[in-house]
Amino acid sequence: MSKRIEDLKILENKRLTNDVFVLQLSVDKELPEIKPGQFAQVRVDNSPGTFLRRPISFHDVDYENNTFKLLIQIIGKGTERLSKHKKGDVLNLIYPLGNSFILPEKDDKILLAGGGVGVAPLLFLGKYLKAKSYNYDILLGFRNSERIIEIDEYHKIGKVFLTTEDGSEGEKGYITNHSTLSSGRYNRVYCCGPDFMMKAMASHCRKNNINCEVSLENLMGCGIGACLCCVVDTIKGNLCTCIDGPVFNINELKW
Amino acid sequence: MVNLGFSIGDLYFKNPVLTASGTFGYGPEFDDFLDVSSLGGIVVKGVTIEPREGNAYPRMAETPSGMLNAVGLQNKGIEYFENNIYPQILHYDTNIIVNINGSFIDDYVILAERLNKLDKIPAIELNISCPNVKMGGMVFGTNLDLAREVTRAVRAVYSKKLIVKLSPNVTDIVGFARVVEEEGADSVSLINTLLGMSVDVENMTPALSTITGGLSGPAIKPVALRMVWQVAKAVKIPVIGMGGIMTTSDAIEFLLAGASAIQVGTASFIDPKASIKILDGIEKYLIEKGFSDIKDIVGYINRTK
């Protein structure tokens with residue numbers, strides 16, 4: 001699968017909460033095959049305080065209209081700058097990059113679990129699995145009810161369970177505290193979110209012998225395996241999150 | 001047509017644009033973006049005798065107009081390079097230069113001996129300037145006696161072109177350039193990264209696991225340019241300039257200051273096509289300025305009018 005470097009036009013910049021937004025981008029020619037879990041390296045133009053591209057995972061891909069969405073949280077100057085873009089602006093992307101989630105077995109009991117802006121790749125993964133006739137549940141965690149994003153989109157593709165840290169909606173606590181997880185009904189989990197959350201999920205899955213893949217968000221330099229900056233410690237030694245990941249089975253990680 | 005070629009001794013480079021070690025992998029990483037063979041040369045990721053895991057994450061921090069890295073020479077060792085990587089990059093029709101690193105002089109000697117036997121490797125870059133390893137690396141590049149000793153030892157066993165990569169973390173880089181020239185280096189490349197650091201204010205910790213790391217990117221360009229200019233005036237061997245080259249204009253500055261060739265480094269992280277764009281730009285510049293040969297502009301600012 002070859003990687004592209006392209007200027008893409010912004011169709012929409014939609015603000016979801018005060019620090020989360022979705023960019024919808026359109027491609028002139030046909031989209032390449034993009035798999036759930038993969039990401040794009042987005043160049044941040046006119047941003048004196050930043051230097052490197054920002055890795056952003058694919059949130060939704062529409063092959064019919066040759067468009068895709070990136071769900072982004074403002075966490076620094078780079079993402080702040082990206083949030084200011086308007087419809088019609090052009091962004092330079094290198095994509096698609098990285099590996100992808102591995103398809104489950106047909107009779108697996110599947111859970112897509114994510115927290116905060118980490119829910120981003122799970123919408124794409126859910127739609128992808130649904131198109132292949134897999135059934136799954138979705139477990140999403142947010143800090144509070146005001147930070148819940150795109151919940152309607154997830155309701156369209158599967159049964160959704162919610163947690164908030166303050167209990168303002170859904171069950172109170174983190175996703176790893178949710179009753180659907182402790183019910184023991186899943187044997188396969190796809191997880192994306194903050195590090196501490198994925199580590200807690202990995203620990204739960206190890207204890208309960210659940211096959212679990214996580215999508216890491218390490219700091220990246222190049223995104224194409226040249227700089228060796230984004231490494232994660234694995235049983236095979238230091239591997240690049242950008243080319244050997246971002247998706248890893250927890251059995252590979254030294255967590 | 002303009003002549004873009006230059007030579008280190010009898011080793012011909014079809015153009016003056018090379019890629020810097022540690023920023024271009026081994027070449028195949030960039031196949032989707034450009035024709036690697038159209039470059040003057042590629043300097044592949046630094047190799048050591050034994051495999052190295054490098055430093056712990058985090059090993060990178062973004063800084064104003066640049067980045068700090070503390071990768072620490074992660075690589076799979078010379079044997080893996082010979083057996084697995086070398087066969088995969090043989091087909092490139094360009095000069096493939098291997099950057100070598102060691103903790104002891106013997107390490108450099110062993111690596112040079114082994115690489116001397118690889119037909120398609122016409123040159124090595126002796127890295128005596130890596131700031132991210134505890135033993136060796138920059139130690140050799142910041143001590144005149146050691147720089148002399150390691151260059152002499154490698155020269156004795158290596159019959160092809162020997163390029164020595166100099167450290168900017170010294171008071172007088174010219175002295176180092178002169179010493180390695182005296183010991184038979186065919187060329188010097190400079191600069192490696194500048195030692196720097198960054199602190200994560202939110203988490204109140206150093207940004208890098210190693211605390212200090214090597215600064216690269218446009219932030220270091222004026223320093224690099226000054227050093228290249230000083231060295232080019234002081235030595236007779238060709239100087240390969242690098243340090244924060246992002247654009248054609250940056251590259252031309254180094255050539256005008258006296259570099260015979262340049263390496264594109266960190267720029268390839270932001271734009272994988274940076275090297276090839278700079279190459280095209282240099283050719284256009286020469287045509288626009290009415291020069292027929294790249295040599296006409298090398299060291300141009302140093303000539304008496």
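I count two residues as in contact if their C-beta atoms, placed from the backbone, lie within 7 Å. The model I am working on is predicted.

**Entry 1: Ile163(B)**

I listed the contacts of Ile163(B), leaving aside its neighbours within four places in sequence.

**Entry 2: the nonpolar core**

I then looked up the largest nonpolar core and found that it has 173 residues. Ile163(B) is among the residues with the most contacts inside this core. The others named with Ile163(B) are Ile124(B), Val188(B), Val228(B), Ala259(B) and Ile262(B). I also checked chain A: domain 1 (4-97) and domain 2 (110-215) both give residues to this core, so the core lies between them.

**Entry 3: the two domains of chain A**

The domain assignment of chain A gives domain 1 (4-97) and domain 2 (110-215). I took their centres over C-alpha atoms and got a separation of 24 Å. Across the boundary, 12 residues of domain 1 of chain A are in contact with 12 residues of domain 2 of chain A. Next I asked which strands supply the side of domain 1 that touches domain 2 in chain A. Strand E1 (4-17), strand E4 (54-62) and strand E5 (67-73) of chain A each supply at least two residues. E4(A) gives the most to that side, with five residues.

**Entry 4: Phe39(A)**

I picked Phe39(A), which lies in strand E3 (residues 39-42) of chain A. Is Phe39(A) buried or exposed? I find 28 other C-beta atoms within 10 Å of Phe39(A), so this residue is buried; the cut-off for buried is 20 or more. Not counting residues up to four places away in sequence, Phe39(A) touches Pro55(A), Ile56(A), Ser57(A) and Phe58(A), and also Leu97(A), Gly98(A) and Pro246(A). For the pair Phe39(A) and Pro55(A), I noted 16 residues of separation in sequence and 6.4 Å in space, C-alpha to C-alpha.

**Entry 5: a helix pair in chain B**

I looked at helix H4 (residues 144-157) and helix H5 (residues 173-182) of chain B, which pack at an angle of about 25 degrees with their axes 9 Å apart. That angle makes H4(B) roughly parallel to H5(B), as angles under 35 degrees count as roughly parallel. I recorded the crossing of H4(B) and H5(B) as right-handed. On the H4(B) side the contact is made by Leu144(B), Ala147(B), Arg148(B) and Thr151(B). On the H5(B) side, Gly175(B), Phe176(B), Val179(B) and Val180(B) make the contact.

Notes: Residues numbered from 1 in each chain as written. Chains lettered and ligands numbered in written order. Predicted model: local features only at pLDDT ≥ 70, side-chain atom pairs only at ≥ 80, totals over all residues. Core = buried A, V, L, I, M, F, W, Y, C linked by C-beta atoms within 7 Å. Buried ≥ 20, exposed ≤ 12 C-beta atoms within 10 Å, placed from the backbone. Domains from an automatic or database assignment. Axes fitted to C-alpha atoms, helices over the stretch in contact; angles between N-to-C directions. Helix = DSSP H or I, 4+ residues; strand = E, 2+ residues; numbered from the N terminus. Parallel < 35°, antiparallel > 145°, perpendicular 65-115°, else oblique. Left-handed = near helix turned anticlockwise from the far one by under 90°.
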